Amino acid sequence: MIQKFLYLEWKAFFRSASFATNLALKILMGFVAVYFILIFLAVGVGAFYILKKMNLDPIVTVNQFMIYYVLMDLIIRLLLQKIPVMNIRPMLIFPIKKSTIVHFSLGKTVLSFFNLVHAFFLIPFCVVLIIEGYDVLSVVLWYTAIFSLLFINNFLNILLSNKDNLFAIFLAIAAVLGGLHYYGLFNITEITAPFFNAIFNTYWAFAIPVLALIALYYVTFQYFKKNLYLDAGLSNKHDVAKTEELTWLNQFGTIGTFLKNDIKLIKRNKRSKTTVGLSVMFLFYGFLFFTNSIEAYNNPVMHIFAGIFVSGGFLITFGQFVPSWDSAYYQLMMTQNIPYKGYLSSKWWLMVIATIVTTTIASFYLYFGIHVYLTIVVGAIYNIGVNSHLVLLGGAYTKTPIDLSSGKGAFGDKKAFNVKTMLISIPQLGLPVLLYWFGSKFGNPNIGLALVAGVGIIGFAFKEKAFSVIEKIYKSEKYATIAAYKQKG
Amino acid sequence: MIQVNNLSKTYNGTTVLKIDNLEIKKGESFGLVGNNGAGKTTFFSLLLDLIQPSTGNIVNNDIQVNTSENWKPFTASFLDESFLIGYLTPEEYFYFIGDLRGQNKADVDALLATHEEFFNGEILKNKKYLRDLSKGNQKKVGIIATLIGNPEVIILDEPFANLDPTTQFRLKKIIKDLADNPEVTVLVSSHDLLHTVEVSDRIVALHKGEVVKDIQTSEETLKELELFFAV
């Protein structure tokens, strides 16, 4: 039976829409994958020696911070790892034992990327430990215990899926613990480190997570088996809908009509909510630059780069998929009496409002000095003036239908990749960096900022022109776009 | 009202639709029947400029649909669920369409009130998004949405499919009422010969993309059609 299941999985994998891309892209993605694997390997191997160089005991340090590692893993899973329950539906009516179905679907999650990725860090780290003369049995038991903890996360995520906002709660817990730790008020690692150390130093403590994992698997198994009904565990969750009129937007005419729709779109769909979450993360991206924690980022030219990202998170993540957000009902839009201009304006206003809000929130960067915040404000001006048009222009060529109900794909869609969009995205980041470099080289950093802001304002002045160009592209691409949106991934 | 000239649509060398000449008069109630793949949806998609014709064109009220967009204000259509916005409630959807067709909330509410019976209490104020409604209820929403803003041309693809018997009965009445209005041209496609004969005063049968029958509905029409399709 398992054989038949594996056969289906194989087909599902190789016939999925993401595999239907062209060869060049596959090769490129292969390189990217290899690159990330190498980085993880390097971190795994290097961690030991780096910690040693810092006069820290590697295993003790890793054990100390392991609680954060495990917590972050759970948070990322809650946010991203999806539980494949839907494929189970057709199996229910066939002569297959329910327990087989459940064992298989649970077993399948074990092979998920979210589990495998840890091996790239943990295995090299353990190999180095053994090479460096640590007790082999201890290392193996430690490895088993840590992996059990990660698998506990895996099954916790399955049990906790379908519960909204848990991700935010866990993130808050992690943030609070981290904050208390940083300010020396309360150190969670003092409580947990002895446990992780015990796993390494004794031959019995590893059994705790292993037994916990077995127990949790049993609970998950029973829970799933009991809920293997269309109206229980396999049901689609229906939200309680509330009609919202948002009448205050009526004063904006056609733009208001579309804005109303866009606000509902963002509020009520998983994919768009993930995108908003992602753009919030962009807001904190600047810390990497302005805290000078990463050497390569520690130069003023890179700072303008950060300015663009911090203020433009939403603009970049949302804007690049206009009009794909409306892909599910694009045929309706094309048969209605819709002025493209009103449609585009509403998306543009949405991005502008989001950019202004983000820039206001980003005022906490004032902590790093007025110049840093000024960089962000200039980034915002450039985003509003130039990038807002560029993402809409790029979007006109993006023909990837969006599945609003799935959070996946928010981190860049493989199919959304095409040469035109790539070319259009170069000036989004390249031009301001170049302008700033030019200004600061031949004058001072403030002239650099002024140059970037100036180009932003010029771009803003050409808004009407830009819109009419984009409108033309929309019209000429209409049939191809409709055809593309009809193909569901 | 609608004039088809030398229209054809070809995919990779296969002609899926070929209509040399077809005129649909203003106020006519036009029924399109045919088997799967006969070209019904292709014809409607061409009429709505959702796909490009390989040759020829369609003129809707003196406006050639693939060169101008001015047919949109007076044409309403519902082809399938992809015409619905899943994350809206039915009310929000109706108001959205109303906004696009220049109807205020009161206009839309008045129209909805007249179709309360058709909704059968399952649509309005039900705390459900469109994506969570059953297929039949989704269809009800789509059909009524086409009536917003008094369009002159109404296009419905397979409106009877997925509807329960009572609703089919009520839908027939709605279409007949529309057909009685000399200002409104209704185009309906269906697999169901009986329904189509009941609501249309003219029936065109498509077979492999070509018009094979074009009859003014009479007593004998159903028999004639049944004979043709019973192979």
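# A quick tour of chains A and B

Start with helix α12(A): 17 of its 20 residues are buried, so this helix is largely enclosed by the rest of the structure. Keep in mind that you're looking at a predicted model. Chain A is built with 19 helices and zero strands, and 23 of its residues are in contact with 26 residues of chain B.

**Helix α12 of chain A**
- This helix covers residues 300-319 of chain A, and its first and last C-alpha atoms are 27 Å apart, close to the 28 Å expected at 1.5 Å a residue.

**Chain A as a whole**
- Chain A has 489 residues, and 31% of them are buried.

**Where chain A meets chain B**
- On the chain A side, 23 residues are in contact with 26 residues of chain B.
- Three helices of chain A each supply at least two residues to the side that touches chain B: α10 (253-268), α13 (330-335) and α19 (478-486).
- Of the elements on that side, α10(A) gives the most, with five residues.
- By type, the chain A residues on this side come out as 11 nonpolar, nine polar and three charged.

**The nonpolar cores**
- The largest nonpolar core has 128 residues, and Val452(A), Tyr93(B) and Val186(B) are the ones with the most contacts inside it.
- Helix α15 of chain A (residues 370-397) gives the most to this core, with 12 residues.
- If you zoom in on Val186(B) and skip residues up to four places away in sequence, you'll find it touching Ser29(B), Phe30(B), Ile154(B), Ile175(B), Leu178(B) and Ala179(B).
- There's also a second, separate core of 25 residues, which includes Ile59(A), Cys126(A), Leu150(A) and Phe200(A).

**Phe368 of chain A**
- You'll find Phe368(A) in the loop between α14 (340-361) and α15 of chain A.
- Phe368(A) has 18 C-beta neighbours inside 10 Å, so it counts as partly exposed.
- Phe368(A) and Lys478(A) are 110 residues apart in sequence, and their C-alpha atoms are 47 Å apart in space.

**Trp71 of chain B**
- Trp71(B) is in a loop too, the one between β5 (63-64) and β6 (75-78) of chain B.
- This tryptophan counts as buried because it has 23 C-beta neighbours inside 10 Å.
- Setting aside neighbours within four places in sequence, Trp71(B) is in contact with Asn60(B), Asn61(B), Ile63(B) and Val65(B).
- Val59(B) is 12 residues from Trp71(B) along the chain, with 9.1 Å between their C-alpha atoms.

**Gln216 of chain B**
- Gln216(B) belongs to strand β10 (residues 210-216) of chain B.
- With 10 other C-beta atoms within 10 Å, Gln216(B) is exposed.
- Apart from neighbours within four places in sequence, Gln216(B) is in contact with Asp201(B) and Arg202(B).
- The C-alpha atoms of Gln216(B) and Ile203(B) are separated by 6.4 Å, with the two residues 13 apart along the chain.

Methods: Residues numbered from 1 in each chain as written. Chains lettered and ligands numbered in written order. Predicted model: local features only at pLDDT ≥ 70, side-chain atom pairs only at ≥ 80, totals over all residues. Helix = DSSP H or I, 4+ residues; strand = E, 2+ residues; numbered from the N terminus. Expected span 1.5 Å × (residues − 1). Buried ≥ 20, exposed ≤ 12 C-beta atoms within 10 Å, placed from the backbone. Contact = placed C-beta atoms within 7 Å. Nonpolar A, V, L, I, M, F, W, Y, C, P; charged D, E, K, R; others polar. Core = buried A, V, L, I, M, F, W, Y, C linked by C-beta atoms within 7 Å.
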